[in-house]
Amino acid sequence: ARAMFKRADQLIANLDEVRKVDKVAKLRFPTPAPCGKTPLSGSELSKNYGSLEVFTDVSCIIDKGSRVVILGLNGAGKTTLLKILASQLETDTGTVEHGHGLRLGYYAQEHEMLDFERTILENMLSAKDDLREPEARNVLGSFLFTGDDIHKPVKVLSGGERTRLALATLVVSAANVLLLDEPTNNLDIHTIQWLEDTLNNRNSTMIIISHDRHFLNQVCTHMADMDYGKLTVYPGNYDNYMEASTLARQQKLKDNEKAKEQIAELQEFVRRFSANASKARQATSRAKQIDKIKVEEFVPSSRQYPYIRFDYDDKDKLHRQAVEIKNLSHGFDRTLFNNFNLLVEAGERIAVIGENGIGCDGRGAGSVKARPGRSGYGGGVRSAQRFPLRPGHLRRPDLPRLFPASAARCRCCRW
């Protein structure tokens with residue numbers, strides 16, 4: 001009980017009287033230029049990298065006003081298809097048709113459309129031929145780039161700042177078809193909400209790649225599932241897609257089972273009566289019926305679901321209090337957080353949220369890497385158990401290497 005009172009006192013002491021308003025971009029995309037009924041389409045597109053076949057004979061028709069998401073596991077070819085539609089990559093076969101009045105705006109996942117050696121302002125001015133500096137500064141200000149910040153080279157920006165700059169270049173492009181590859185990556189939760197509202201209020205066509213289910217449910221009108229190199233389109237948002245694809249799978253399995261049973265009955269009739277003169281004609285008719293029955297090849301999904309096992313030694317099992325943080329401060333060229341206190345109970349799952357650049361990663365990294373007396377500017381992190389704290393830390397750059405064959409292990413976990 002004393003530990004709980006102590007923790008409550010710490011939380012109350014850390015409460016701010018008034019929470020500052022989170023900074024988010026405030027500019028809306030301009031009204032897009034008019035375009036035809038079908039602004040973009042692809043027919044029988046294929047792409048190979050050497051002996052690796054990414055996809056084959058993929059066709060898609062993007063209607064005006066639709067917001068289509070391309071779904072698929074990593075490596076299925078989603079970004080490759082988007083680059084082909086954006087004329088950033090050549091297709092091996094097939095054609096991409098641009099409709100009347102098409103103006104493409106392409107957002108690249110790794111920000112390849114930005115020049116990392118040039119400044120923020122220079123990138124903005126190059127996004128549109130007749131863009132003047134006052135207008136560029138105004139747009140950049142709406143995306144939280146102000147003062148001398150606009151003269152920073154892109155290579156020194158954080159991931160969230162590069163994302164905001166890439167979105168700002170789309171604003172001035174006046175595109176009527178947006179191709180967005182992981183637009184929510186590196187954005188804080190408030191900016192993602194702003195992006196959802198902005199895209200929903202924009203009357204333009206979009207093709208999006210994203211793994212953010214909430215974002216997909218809020219923004220999209222169609223789901224294009226890429227599996228085994230084929231594209232299947234479902235109307236509705238992500239939840240609608242999950243329901244429809246599951247029902248379609250179950251129905252296909254049921255139809256195949258029914259067809260197999262029918263074939264087995266006909267084969268049995270043919271076997272029994274093909275030599276019977278009085279029923280030979282019926283047996284011949286049944287044999288022809290077998291040829292007409294089609295059992296669709298059922299290929300299971302290529303998606304793989306990783307298995308991660310967390311092991312711990314029983315003598316090191318966490319019981320009540322796991323971690324205690326006292327007066328933790330950290331920063332680089334400026335202070336990110338100061339006198340941060342927290343008591344973490346065993347089994348708790350705590351999310352650290354906030355706008356880009358205020359130290360969410362720093363606070364998480366500090367709690368993982370810190371040792372007493374060596375954490376940032378001051379304060380420290382200590383284990384609240386008798387044995388030394390042995391945390392596991394997953395950094396954002398480690399995500400592409402997240403699923404090796406070996407299982408992940410972390411003594412900090414209770415399961």
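Q: In which sense do strand 10 and strand 11 pair?
A: This is a predicted model. Strand 10 covers residues 321-331, and strand 11 covers residues 335-345. Seven bridges link the two strands. The sense of their pairing is antiparallel.

Q: How many residues lie between strand 10 and strand 11 in their hairpin?
A: The two strands pair over seven bridges. Together they form a hairpin. The number of residues between them is three.

Q: Which residue of strand 11 is the bridge partner of Glu-324?
A: Strand 10 runs over residues 321-331 and pairs with strand 11. Glu-324 has its bridge partner in strand 11. That partner is Leu-343.

Q: Why is strand 11 called largely enclosed by the rest of the structure?
A: A residue counts as buried under 20% relative accessible area. Strand 11 has 11 residues. It is largely enclosed because the number of them that are buried is eight.

Q: What is the order of the strands in the open sheet of six?
A: The pairing in this sheet is mixed. Strand 5 (104-107) and strand 9 (230-235) are its edges, each pairing on one side only. Neighbouring strands are turned by 15° against each other on average, direction ignored. The order is 5-6-7-3-8-9.

Q: Which residue of strand 6 stands opposite Gly-105?
A: Strand 6 takes in residues 177-181. Strand 5 pairs with strand 6 in the parallel sense, over four bridges. Opposite Gly-105 stands Leu-178.

Q: What angle does the direction of helix 8 make with that of strand 9?
A: Helix 8 spans residues 238-273 and packs on the sheet. It touches strand 3 (67-71), strand 8 (222-227) and strand 9. Its direction makes an angle with that of strand 9 of about 115°.

Q: Which elements give two or more residues to the lining of the second largest pocket?
A: About 330 Å³ of space lies in this pocket. Its lining has 18 residues, and Tyr-106 is among those nearest the centre. By class, 10 are nonpolar, seven polar and one charged. The elements are strand 5, helix 3 (120-126) and helix 5 (159-173).

Q: Is Asn-201 buried or exposed?
A: Asn-201 sits in the loop between helix 6 (189-200) and strand 7 (205-209). The cut-off for exposed is over 50% relative accessible area. Asn-201 has 54% relative accessibility, so it counts as exposed.

Q: What distance separates the C-alpha atoms of Asn-201 and Val-219?
A: Along the chain, these two residues are 18 residues apart.

Technical notes
Residues are numbered from 1 along each chain as its sequence is written. This is a predicted model: local features need pLDDT of at least 70, side-chain atom pairs count only at pLDDT 80 or more; totals for chains, interfaces and linings use all residues. Side-chain values use heavy atoms; hydrogens and water are left out. Two strands pair if DSSP finds at least two bridges between them. Axes are lines fitted to C-alpha atoms, for helices over the stretch in contact, and angles run from 0 to 180 degrees between N-to-C directions. Contact means heavy atoms within 4.5 Å. Buried means under 20% relative accessible area, exposed over 50%, partly exposed in between (1.4 Å probe, protein chains only). On a 1 Å grid over the protein atoms alone, a cavity is a set of points where a 1.4 Å probe fits but cannot get out, and a pocket is an open set with protein on both sides within 12 Å along at least five of seven lines; lining residues have an atom within 4 Å of a point. Grid points are joined across faces, edges and corners, and a volume is the space filled by probe spheres set on the points. Ala, Val, Leu, Ile, Met, Phe, Trp, Tyr, Cys and Pro count as nonpolar, Asp, Glu, Lys and Arg as charged, and the others, Gly among them, as polar.
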